[in-house]
Amino acid sequence: MLWRSGKVKRILVSGDHADWKYDEPDTMRNALLSQGVPARVVFTDHAGFNTWATMVRAKKVFDVSDAVVITQKFHMAWALYLADAAGLDATGLTADLHGYGIRGKESDVRELLARVKAIGNATLDSNVVLGPEIPITGDGGKSWGPAPPPGTPPAGVPRS
């Protein structure tokens with residue numbers, strides 16, 4: 001683990017959290033906490049609805065200047081492109097643990113469209129929801145947001 005080896009001092013997890021039934025950031029945060037990573041070093045970005053938003057928010061909301069971007073191999077090239085376009089000094093580390101459902105031409109078309117979208121977002125400086133600053137040098141718990149409504153299973157627990 002990068003944190004345990006001292007290669008990173010803070011962790012920012014970002015992803016889709018459009019509603020309480022689908023919460024990527026809290027799922028990742030809970031996995032890190034279960035592995036012994038201290039809560040104070042884990043930051044959650046609940047408005048990283050796409051890669052452009054994640055990179056812009058890392059820079060402008062969390063005051064990140066350099067980062068190790070961890071994502072799937074198919075996603076890495078444009079994630080690093082967008083990190084650079086957002087002003088981050090980033091390196092990448094792939095995290096492919098299994099195959100994905102999309103294969104062949106469908107996957108190629110999806111990736112081509114994603115790259116076009118990435119270039120468009122960076123070129124047009126597409127709008128991103130920002131919000132209050134939460135510097136990555138502070139306490140990660142301040143980024144966690146409100147608790148889910150009563151009866152909502154914890155993030156990372158399969159929902160029916």
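Of the 160 residues in this chain, 33% are buried (under 20% relative accessible area with a 1.4 Å probe, protein chains only; over 50% is exposed and anything in between partly exposed). This is a predicted model, in which local features need pLDDT of at least 70 and side-chain atom pairs count only at pLDDT 80 or more, while totals for chains, interfaces and linings use all residues. Residues are numbered from 1 along each chain as its sequence is written, and side-chain values use heavy atoms, with hydrogens and water left out. Here is a friendly tour.

**Overall layout**
- The chain has four helices and four strands, taken from DSSP runs (H or I of at least four residues for helices, E of at least two for strands) and numbered from the N terminus.
- Along the sequence, these elements follow the pattern β-α-β-α-β-α-β-α.
- Among contacts with a separation of 6 or more, 68% join residues 24 or more positions apart (contact means heavy atoms within 4.5 Å).

**The aromatic pair**
- A search of the whole structure turns up one aromatic pair (ring centres of Phe, Tyr or Trp, using the six-membered ring of Trp, within 6.5 Å; planes under 30 degrees apart are stacked, over 60 edge-to-face, the rest tilted).
- Phenylalanine 43 lies in strand 2 (residues 42-45) and phenylalanine 62 in the loop between helix 2 (51-60) and strand 3 (66-71), so the pair ties together parts 19 residues apart in sequence.

**Serine 143**
- Serine 143 is found in the segment after helix 4 (104-124), and is buried at 6% relative accessible area.

**Helix 3**
- Helix 3 (residues 73-85) has 13 residues and reaches 19 Å from its first C-alpha to its last, close to the 18 Å expected (1.5 Å times one less than the number of residues).
- Its buried residues are His75, Met76, Trp78, Ala79, Leu82 and Ala83.
- An α-helix has 3.6 residues a turn, so residues three or four places apart point the same way.
- Glycine 87 follows helix 3 and has a positive phi, near 95°.
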